[in-house]
Amino acid sequence: MEKKEQKRHQHKHSGPKAQKKNRKKEQGTEQVQDERKRNPRAFSVQSAVRMAKTFHRTQDIKTKKHHIPLVDRTPLEPPPVVVVVIGPPKVGKSTLIRCLIKNYTRQKLSDICGPVTIVSGKKRRLTLIECNNDINSMIDLAKVADLVLMLIDASFGFEMETFEFLNICQVHGFPRVMGVLTHLDTFKNNKTLSKTKKRLKHRFWTEVYQGAKLFYLSGMVYGEYQTQEVKNLGRFISVMKFRPLVWRTSHPYVVADRMEDLTDPEAIRLNPKCDRTVSLYGYLRGTFLKNKCQVHIPGVGDFSVADVSFLPDPCPLPEVIKKRALNVKERLLYAPLAGVGGLVYDKDAVYIDMPSGHKCLFQEEVRPTTELVQSLIGTQATLDAKMAASKVSLFTGTAALTPEEVKQNPMESREWDENAQRERRRAVFADEDEKDDDEEEESDEEEEEEEEDEEDEDEEGLTKKVDEKAVETAAPPVKKQKIEEPMEMPAFADSDDELEKSEGEESEEEEGDEENEEMEEGEPAKRRSGPDSGLCSEEDDEDEEEDSDMDEDGDGIVKSKMSFKHPEEEKIDTEDAEMAYETAGALRWKEDLAQKASEAYLRHQLAAPNLRKLVYGTVAEEEEDSNDEEELGGLFKVSRPERSKKVRADAMDCSRFHPDSSHDWDQEEVRSSIRDCFVTGKWEEDKDAATLLKENDELYGDFEDLETGEVHKAKTGNKDKHYHVIFQKNKRLEKKRRLKERFDAQYDDGDATYFDDLKDEMQKQAELNRQEFEDVDDEVRVQYEGFRPGMYVRVEIPALPCEFVTNFDPHYPIVLGGLGPSEGNVGYLQMRLKKHRWHSRILKTRDPLILSLGWRRFQTIPLYYIEDHNGRHRLLKYTPEHMHCGATIWGPITPQGTGFLAVQTVGGIKANFRIAATGVVLDLDKSVTIVKKLKLIGYPYKIFKNTCFIQVGSPAESGVSP
Amino acid sequence: KILTFEGCSCFRQRLVLSTLSVKRVKIPNIRSKDDNLGLRDFEVSFIRLLDKHECNVQRSIGYYLEALLMLAPFVKTPLRAALKGVTNDPTDPSVDLLKVTAIPLMKKFGIDGDGLEIKVLKRGMAPAGGGEVLFTCPVRRSMKPVQLTEPGKIKRIRGTAFSVRVSPQMANRIVDSARSILNKFIPDIYIYTDHMKGASSGKSPGFGLTLVAETVNGTFLGAEVMSTPQGQGDPVLPEDLGRNCAKLLLEEIYRGGCVDSTNQSLALLYMTLGQQDVSKSLLGPLSPYT
């Protein structure tokens, strides 16, 4: 059919209609603006109350959006985000993890076991953990999860575990929760499907928050979820933002993804139940971790960390951020517990990922390749290396000591460390090493030699197990070493410093003592190093031998040791260094005076002990090298405060400081030295009022500009024209900056609220925090601020119960929660508690209850009480049904405001809701009085007017139970 | 785990820090070589103070107050302590000095509000005491990080010259002599004369001067000199005292820093106990106490 051309609409150009339209068009824009004018009654205030209400409401909504601004403490390279996949069994958790891993890394991981770390994007890594259906794991993982993927079997609906987990989360700070509905392909009917979806979604929303994200994984394809859906889920995960939670930002924690048993195999052989030394690996999260702090491992207990060191990141983010997506090489996967991770080097061993998925362990070779050692390796290589390795970890304070370093100069490193330890001790105890003088040293020396002789004898006695050949080869170096021992002395003596010598000797002495003790114990089983003391002492001897070699080469060790003692300006706290600048700067204008002052200052500095070392313990090696060539004369002065400290031990405790170097303030010269400290004095260039004035003129008066330019030209010669140009450029930049500041102040601050100001302040602080240690080497930085979150750390923990190792199951999470300074103590806690409304029974006073509080899970006996109107705490026999009540427990000290939950039993799965109660810690009072109404039974024995005196029997017979 | 220290130096600091860190300390060998073994009365009274407030007259209230300043922001309830004893003596920083230097410093750390105050109700000079000081301090959950790196220029000098149970003219004589030195540097000087009479004048006579220099950035540097207590040592002339005090202030200014030498340890303590943000402060040469 032919299309009929329709007649186009003809606009009227004249006539009344057109006129009307024209009029409308002209007024049209005005009319919109004049709405208020045209119809003022519609906009007039009808009711002041309503007006106020609406105003309040808008303000409420506005302020509701605000969170208390926090200082942004996320490190530049944040640790991987912990994604916990949780759900009842057979809901598809492992499948989902596998699909996500495949989505991100294009790798297939058959067995998900332990945390799996993957690089998910240019700036984000994920650690995926599967939570098995067990309330302990659920509690532990809720405390560390950043994001929870909550799997729900849509064909079945919600299960108790889901709600239990949500309640656990609520108590320990709510992580992000994303629901994932699976088994949607079981629905045949589309309508029931959509209805179920809607029902589950709304239930989920009431539980989490309105509008919480719920994902649908519709069906399986070849045993996997559909690629597109997984991809979408992955996208959601990679862009998710997290708000820091209070407990986690104030406590460091590590989710261990690798565990190595460092215990001496011989000790295990002799006593399979002996305590184990274990090193745990993982990304540090939360906040800074200090070395030698206390950690809690849920389910195991409190332990003090023997050593923390950071390792190179096994799963690093791509180095250069390009625009394109990650390539295959950058999509890393690290899951040592599942047996994936490629080649991993670290202190203890080298791991190579074999195609079979098994871990293969090659012990590294630490010994130098001498014939002796080779023969030793031939006999008991692994043990030998193990010993060496364990020694390293025992003595080193830092991680930097690679095996190579140990090989080169093991004595130096150890010396250094013992030094450091001693140093630290000194910082604590005012006077420890008063007693060493030369005679003692010498006697020590002799003792040591004797000990060594003994050792040799013992060795011969004990080395029956070892190859005859090995013993023969071992013997000569010992003798050689003995000869060399005296030669070691002059090297120390050269330094001409008693302190040095004594320290060196002391460390040796300590060593000797250790060995001596071992010998006295006589039981090889208890020895720290190896099954055979013979081997052990050989080790030591070798070390010493090497050391003495070093000394012969040149006094490298002595030098480096001395450099420790140098409190030089650079090493001293930054504050002091700055101070030096300041004083110098202030005094520069008067040359000789400045000279004198700086000299005096230097003297001061030399006299003062190295602050940084006092405060932060050891000083990293790099710095010492740079300071090696400083003059030796300083040594003398350093030791002086040490000695005088002893005298000062009983000194007057007074903070008033009487300056000794009194200047004669009557002299004009001296007086003028501080003249600039006053407002009347000379100001710095940029702050001087005169220059400021001039600048302002420059800014606002254009004709002046020319003039100043002229003036400048006249001043400067051709020679430093270049300098002048730069100077001017800087000046111009400075001027621009100031103008901008002024502009900002004028226009932005007008509507800035308190909130904005606070936010700005926080921003500034975050910037400052970041800048402070930005260009400092990691080694040094770790000593200043501890290990920062995001580092991959190795934590060595001694004396773990053997069950930890023997029953180790990678499916259960291992969390190392750092404890605050006083959180290791136990005391009385007062808490507000409410029985969970879904828990079927009320709780009885003095019934043991398992609490999850802070990092811990522990059993305790609560006393429930309620506060009466008169402020007295009355004991309750049972918790109220729907009310809060107080509870007092004897438990680990935890900061106020920390939430907790209680369960009655952790073993087994009961049908009903397991969480018995939730609450919060209110107080840590040691003395709390809870009163109880007593019924006393007695007999009247006297009646006097209206008073009856009653004789009460002993509490036992009157029915009072304590 | 018990930390062990020997001797009685830094006695207060050790006890305060052990209280703050909830660590046990053990201090054996106190004055083991002295004729007078063991704790002195003032130390005993200091330990008492940590439970509860009568200051021994052997040391001035400043001795006790310094420790309280360290503890007060961290206790459970706002502190209100009335300390009785010696307000000013030559060995310890006096209450006046702490009032003008430590309080502004604490304000920088975010401990402010109405609650923070040191008030001298009665003055009591060294041998007999009889003074009374009211110290109130609010509680803060956290310290603000500080950036005290620019001391700034000194814009004014303030001071208090006090005299109790002596001629009120003494204070004026002190002021004149101090001004004679300081006027060469800055004209903005005002020294209050504080003559306490009657019940609020304590039990012993004496006089003294506290000077404080305020910079444009709000740094306070203080110095003070007290007259020697009655019956101990040579008496001092008020003119000499004023001059000495002015010189001490100049010395303090020469040493520089954003925190004066009396309060260095306080500032450092607050910095360490603050949040984990970076705090910076510029100190003069450290005094032996810090």
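How far does the backbone oxygen of A:E823 lie from a polar atom of the side chain of A:R856? The distance is 2.6 Å. A polar contact here is a pair of N or O atoms within 3.5 Å; within protein, one must be able to donate a hydrogen and the other to accept it, and residues adjacent in sequence count only if both atoms are side-chain atoms.

Before going on, the ground rules. This is a predicted model, in which local features need pLDDT of at least 70 and side-chain atom pairs count only at pLDDT 80 or more, while totals for chains, interfaces and linings use all residues. Residues are numbered from 1 along each chain as its sequence is written, chains are lettered from A and ligands numbered from 1 in the order in which they are written, and side-chain values use heavy atoms, with hydrogens and water left out.

Back to A:R856. This arginine is found in strand β23 of chain A, residues 856–860; helices (H or I, at least four residues) and strands (E, at least two) are DSSP runs, numbered from the N terminus. A:R856 has 9% relative accessibility, so it counts as buried. Buried means under 20% relative accessible area, exposed over 50%, and partly exposed in between, with a 1.4 Å probe and protein chains only. Not counting residues up to four places away in sequence, A:R856 touches A:K143, A:H296, A:D302, A:L819, A:E823, A:G824, A:L851 and A:P892. Contact means heavy atoms within 4.5 Å.

Next, chain B. Chain B has seven helices and 11 strands, and 57% of its 290 residues count as buried.

Which residues touch the most other members of the largest nonpolar core? They are B:L65 and B:M106, in a core of 46 residues. Such a core is a set of buried Ala, Val, Leu, Ile, Met, Phe, Trp, Tyr and Cys residues joined through side-chain atoms within 4.5 Å. The elements of chain B that each supply at least two residues of this core include α1 (11–21), α3 (61–71), β3 (79–85), α4 (95–108) and α7 (264–273). Helix α3(B) gives the most, with nine residues. Leaving aside neighbours within four places in sequence, B:M106 is in contact with B:L69, B:P73, B:I111, B:L116, B:C137, B:L266 and B:Y270. Apart from this core lies another, of 44 residues, among them A:I129, A:L200, A:L214 and A:W855.

Why is α7(B) described as largely enclosed by the rest of the structure? Because seven of its 10 residues are buried. Those in α7(B) are B:Q264, B:S265, B:L266, B:A267, B:L269, B:Y270 and B:M271.

Still in chain B, B:T193 lies in strand β8, residues 189–196. B:T193 is partly exposed, with a relative accessible area of 44%. Its C-alpha atom is separated by 8.5 Å from that of B:P168, 25 residues apart along the chain.

Phi of A:A799 is near 55°, a positive value in a residue other than glycine. A:A799 lies in strand β19, residues 792–800, and at 42% relative accessibility counts as partly exposed. A:K945, also not a glycine, has a positive phi of about 50°. A:K945 is found in the loop between β30 (938–944) and β31 of chain A, and is exposed, with a relative accessible area of 75%.
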